[in-house]
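Keep the sequence and the model open while reading.

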Amino acid sequence: MPFTKIYNESIMTGSVPDIFKVSRITPILKNGSACEPGNYRPIAVLSSFSKVLEKLIYDQLISFLEKQNILFEYQFGFRKGHSTEHAILETIDSLKTALDQNMLTCGIFIDFSKAFDTINHRVLLDKMFKYGVHGTPFR
């Protein structure tokens, strides 16, 4: 059970083993000339062991957010039953309803895809421990 021990220790301490942080970077051409380095998007491929740890942490984080009822009802994209297609359908339905009622409509779209990169993970872990998520060991 050495991996179980590694995963449990990682969750309990809030640190990821350095070997799990090693990735293979593959440049993928976005568009334009293949001779321009700026036209490539780097894709990082992590080890399967890193992906397992990521999934374990994801499951705990989602469980915590759902138990604490923290997520907004219309948070789409990474929750079961709340796909990005649901977000589009909800938006269209809201716009149609507003137009049918002769209301002014406006859409503001913000990309928060990098927001998690700015979070202090130590603070996040401290708050999770404060509210009762104690890194349940995996068996």
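This is a predicted model: local features need pLDDT of at least 70, side-chain atom pairs count only at pLDDT 80 or more; totals for chains, interfaces and linings use all residues.

Helix 1 covers residues 2–13, which makes 12 residues. From first C-alpha to last, helix 1 reaches 16 Å. That is close to the 16 Å expected at 1.5 Å a residue.

Which residues of helix 1 are buried? They are Tyr-7, Asn-8, Ser-10 and Ile-11. These residues sit on the same side of helix 1, because they cover an arc of only 160° around the axis. An α-helix has 3.6 residues a turn, so residues three or four places apart point the same way.

The buried residues of helix 1 pack against helix 2. The face turned away from that buried side carries exposed residues, Pro-2 and Lys-5. After helix 1 comes Gly-14, with a positive phi near 75°.

Is Ser-10 buried or exposed? Ser-10 counts as buried because its relative accessibility is 5%, under the 20% cut-off. Ser-10 lies in helix 1. Leaving aside residues up to four places away in sequence, Ser-10 touches Ser-15, Val-16, Pro-17 and Leu-53.

Ile-57 belongs to helix 2, which runs over residues 48–67. With a relative accessible area of 37%, Ile-57 is partly exposed. How far apart are Ile-57 and Ser-10 in sequence and in space? In sequence, 47 residues separate them. In space, the C-alpha to C-alpha distance is 9.7 Å.

## Two asparagines with positive phi

Most residues other than glycine have a negative phi. Asn-69 has a positive value, near 55°. Asn-102 also has a positive phi, about 55°, although it is not a glycine.

Where do these asparagines lie? Asn-69 is in the loop between helix 2 and helix 3, the latter spanning 84–100. Asn-102 is in the loop between helix 3 and helix 4, the latter spanning 121–130.

Asn-69 has a relative accessible area of 65%, so it counts as exposed, the cut-off being over 50%. Asn-102 is exposed too, with a relative accessible area of 73%.

## The chain as a whole

The protein chain has four helices and two strands. Along the sequence they follow the pattern α-β-β-α-α-α.

What share of the 139 residues counts as buried? The figure is 16%. The accessible surface of the protein chain comes to about 11,300 Å². Carbon and sulfur atoms hold 61% of that surface.

Contacts can also be sorted by sequence separation. Among the contacts with a separation of 6 or more, 40% involve residues 24 or more positions apart.

Conventions
Residues are numbered from 1 along each chain as its sequence is written. Side-chain values use heavy atoms; hydrogens and water are left out. Buried means under 20% relative accessible area, exposed over 50%, partly exposed in between (1.4 Å probe, protein chains only). Contact means heavy atoms within 4.5 Å. Accessible areas come from the Shrake-Rupley method with a 1.4 Å probe; for residues, only the protein chains shown count as cover. The expected span of a helix is 1.5 Å times one less than its number of residues. The arc is that of the directions from the helix axis to the C-beta atoms.
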